[in-house]
Amino acid sequence: MERTVIIGAGQAGGRAAVALRANGYGGEIILVGQEARAPYERPPLSKEVLLGAAQAGAALVNPESVYHENSIELRLDMPVRWINSATRELTFMDGDRLGFQRLILATGARARRLEWPGSEAAKPYYLRTCDDAEVLRRTLSGRQGDIAIIGGGFIGLEVAASARQLGWTVTVIELGQQCLERVLPSASARVLVDLHERHGTRFRWGASVKETKETNSRIRLLLNDDESLNVDVVVVGIGSEPNMKLAEAAGLECGNGILVDDQCRTSVSDIYAIGDAAIAPNRWFGKPARLESWENAERQAEQVARVICGLPTTNDAPPWFWTDQFDRNVQIVGVPTDEDQMTVEPGKTPDQYVHLYSRGDVITGAVLFNSGRRRRALSRQMSEMRDAAAAPCSPAESVDSMEINA
Amino acid sequence: MSDSKFLRLCCISDIPDSGILRVTVPGYDPLAVCQVDGAFFAIADTCSHGMASLSEGDIEDGQIFCPFHGGGFEIATGNPTERPCTIPIATYPVKRVEDALFIASK
């Protein structure tokens, strides 16, 4: 019987396994995970889990019974040592081997580490996995103090909001001049900064940590402007890096991620890559993009399943990210930039509105504040406009690829 | 109807123009009573994705869309139709007697 092995039991891997069956795949499906847990949802980790409103890992990607019902074999807590793409066999860390006809790499990404003189003394926390979230939750609960968060991206801001809600005094140390610089135009980013400032969070812009000074019980961070900050906890949230060592060692083409075409195919036949680890052509960015979002993992999981089942597939809806901070749900659809014209569309209540970004008659992106109900229509509208536009409108982005974390 | 096996949900005229009414009855988590093309349904009011009340959402093409993240469910079956919702919500048969709607008591 044909066998498809999926390496990576996260959002992308877990959904791909089920989507294969749903699309009629009759072969064996083996889902291999490095962590001991069945695929779980990451979005709650930086919010409900830190707040103690949900248990780490309680929100599953698929209900537990789904794997058995769909004859999907789970091999958890089984890190893979290497893949032989010629003989189509992988070797686990413990020496076991497993052959495959098709392989899906859903190896995800890991939190980018930050080192500075004395960083080990600061014992910085990172947030990526269930275990990370559980450790940070225990640290933040039951007491209060000062927390420094290095990085004003999605993770940094979500942790900042959670920590504030738990009564911590929060300082965000951001190298740039605004938060969420890679995803949000400045007018929309300003809304979020205002929200955090209203809740008492301090931002240090253009700031970085030069050194950690040893003190008795607290952590003294010396910043680049020579001011120092005394805190009890340091969290680093400066983005993530794709897990592609296995792919590189197997001879697959990689850049800032495992390179795939618009059908999730890597440079080696019958090996596919999806989710946070994959970098795929993207018409919205006008170049390959590695999108670290829940939505991208879902879409590519569905897509790779259809590709393997020989079904036609496209994946060209506008990118979509969301974040929940305090009482705000913020959704980003498309690719809004500072170069676009922005109009504010008010909603039913003062805290519901949409920042609509456009170039000429074409809507390039939108930022929805507590307006999730507007998303479907806007997304549809943007796709229709993009389909109709003969020349794709290229975003004013100078980096080689977009890396977005949500 | 005085049958103790059924609980009264609401009057049809209680359902607002949005087609959704939040109702609480003993033994059930909060419910959203929905009117779709003249038919009535009772579904779980709490979205299976986040802690949001579906009765504050919108009905379109037989689906209910959550006001929070914008995910959706087919009202008749409870099956998720729009991300980020991926887990079905509970649905319950509704009995209509004249102008009132009832649900089986638990």
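# A tour of chains A and B

Start by selecting residues 7-103 of chain B, which an unreviewed UniProt entry annotates as "domain: Rieske". UniProt positions are given here in the numbering of this structure, feature names are shortened, and annotations may be inferred rather than shown by experiment. The model is predicted: local features need pLDDT of at least 70, side-chain atom pairs count only at pLDDT 80 or more, and totals for chains, interfaces and linings use all residues. Residues are numbered from 1 along each chain as its sequence is written, chains are lettered from A and ligands numbered from 1 in the order in which they are written, and side-chain values use heavy atoms, with hydrogens and water left out.

Colour residues 7-103 of chain B by secondary structure: this stretch is 0% helix and 43% strand, and its end C-alpha atoms lie 5 Å apart. Helices (H or I, at least four residues) and strands (E, at least two) are DSSP runs, numbered from the N terminus.

Next, select B:Arg83 and B:Pro84. The peptide bond between them is cis, with omega about 5°. B:Pro84 sits in the loop between β8 (80-82) and β9 (91-92) of chain B.

Now show both chains together. Contact (heavy atoms within 4.5 Å) involves 19 residues from chain A and 16 residues from chain B. The size of an interface is often given as the accessible area lost when the parts come together. Chain A and chain B bury about 1,400 Å² between them, 44% of it on carbon and sulfur atoms; this area is found with a 1.4 Å probe and summed over both parts.

The term means a side-chain nitrogen of Lys or Arg within 4 Å of a carboxyl oxygen of Asp or Glu. Between chain B and chain A there are four salt bridges. On the side of chain B that touches chain A, five residues are nonpolar, six polar and five charged. Here Gly counts as polar.

Move to chain A and select A:Arg88, in the loop between β4 (80-84) and β5 (89-92). Phi of A:Arg88 is near 55°, a positive value in a residue other than glycine.

Last, find the open sheet of three strands in chain A, ordered β17-β18-β20 with mixed pairing. Strands β17 (254-255) and β20 (278-279) of chain A are at the edges with a single partner strand each, so one side of each has no neighbour in the sheet. Two strands pair if DSSP finds at least two bridges between them. β17(A) and β18 (residues 257-259) of chain A pair in the antiparallel sense over two bridges. Select A:Cys254 and its bridge partner in β18(A), A:Ile258.

Definitions and conventions:
Contact means heavy atoms within 4.5 Å. Buried area is the accessible area (1.4 Å probe) that two parts lose on being put together, summed over both.
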